[in-house]
Amino acid sequence: MLHTDVCILGAGPGGAATALRLSYLGIPCVLLDKATFPRDKICGDAISGKVTTLISRLDPAMMERFHGLDKQVDVWGIRFVAPNRKALDLPFTPNYVREEKQAPGYVAKRMDFDNFLIEEVRRRPDITLLDGVEVRDFQRTEAGYELTDRSG
């Protein structure tokens, strides 16, 4: 049995980012996901400037490691096209840009972005990542919650 004050179910971008934030605050946690990483998920694959801003605030070196991946495509804006073929272009305003040529947003495969975040999680000694573990049941106890996986 593993004991922890914080257990996060789901190691996608939200769960991984939460675990990373807790780690940077000095709060250890356990991060569980039923999939084994790297894994792919169907998604729009957009990484907005808000995401890059949050990553940079968490750890600017993490954003530098992301730029070093070369698995993302720069995005400088978005175009909406109506059924009548009229277009509306919205340029992105950079929130985090180390160099003028760095884009404020990106498109990257979910597999690549999620795995990048998981690799960042693996860098942190106070995050216990358990992938390939599916929580089957949970019970409230006096001390909190008891989670049970497939193996019992």
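**Ground rules**

I'm working on a predicted model, so I took local features only at pLDDT of at least 70 and side-chain atom pairs only at pLDDT 80 or more, while totals for chains, interfaces and linings use all residues. Residues count from 1 along each chain as its sequence is written, and side-chain values use heavy atoms, with hydrogens and water left out.

**Entry 1: the sheet**

I looked up the strand order first. Three strands make an open sheet, ordered 1-2-8, with parallel pairing. For the record, strands (E, at least two residues) and helices (H or I, at least four) are DSSP runs numbered from the N terminus, and two strands pair if DSSP finds at least two bridges between them. Strand 1 (7-9) and strand 8 (127-131) are the edges; each has a single partner strand, so one side of each has no neighbour in the sheet. From one strand to the next, the twist averages 15°.

Next I went through the bridges. Strand 2 (residues 29-33) runs parallel to strand 8 and is joined to it by five bridges. Leucine 32 has leucine 130 as its bridge partner in strand 8. On the other pairing, strand 1 and strand 2 are parallel over three bridges, and cysteine 7 stands opposite valine 30 in strand 2.

**Entry 2: what packs on the sheet**

Back to strand 2 and strand 8, joined by five bridges. Helix 1 (residues 13-24) packs on the sheet and touches strand 1, strand 2 and strand 8; contact here means heavy atoms within 4.5 Å. The direction of helix 1 makes about 170° with that of strand 2. Axes are lines fitted to C-alpha atoms, for helices over the stretch in contact, and angles run from 0 to 180 degrees between N-to-C directions. Helix 4 (residues 110-123) also packs on the sheet, touching strand 2 and strand 8, and its direction is at about 135° to that of strand 8.

How many residues of strand 2 are buried? Five of its five are, where buried means under 20% relative accessible area, exposed over 50% and partly exposed in between (1.4 Å probe, protein chains only). Cys29, Leu31 and Asp33 point one way from strand 2, Val30 and Leu32 the other.

**Entry 3: ring pairs**

I ran the aromatic search over the whole structure and got five pairs. Rings of Phe, Tyr and Trp (its six-membered ring) pair if their centres lie within 6.5 Å; planes under 30 degrees apart are stacked, over 60 edge-to-face, and the rest tilted. Phenylalanine 66 and phenylalanine 113 have ring centres 5.9 Å apart and planes at 90°, so I logged the pair as edge-to-face. Phenylalanine 66 sits in helix 3 (residues 60-67) and phenylalanine 113 in helix 4, so the pair ties together parts 47 residues apart in sequence. Both phenylalanine 66 and phenylalanine 113 are buried.

Phenylalanine 66 has another edge-to-face pair with phenylalanine 116, at 5.5 Å centre to centre and 65° between the planes. That pair also links helix 3 to helix 4, with the two residues 50 apart. Phenylalanine 116 is buried too. Ring pairs link Phe66, Tyr106, Phe113 and Phe116 into a cluster.

I also checked for charges over rings: arginine 124 lies over the face of tyrosine 24, 4.0 Å from the ring centre. The test wants NZ of Lys or CZ of Arg within 6 Å of the ring centre and within 35 degrees of the ring normal.

Most residues other than glycine have a negative phi, and most peptide bonds are trans. Which peptide bond is cis? The one from phenylalanine 37 to proline 38, with omega near 0°. Proline 38 is in the loop between strand 2 and strand 3 (46-47).

Aspartate 70 has a positive phi of about 60°. I found it in the loop between helix 3 and strand 4 (72-75), exposed at 68% relative accessible area. Arginine 85 has a positive phi as well, near 75°. Its loop runs between strand 5 (77-81) and strand 6 (87-91), and arginine 85 is exposed at 73%.

**Entry 4: cysteines**

My disulfide search (cysteine sulfur atoms within 2.5 Å) came back with zero. The sulfur of cysteine 29 has its closest cysteine sulfur in cysteine 7, 8.5 Å away, too far for a bond. Cysteine 29 is buried at 1% relative accessibility, whereas cysteine 43 is partly exposed at 39%.
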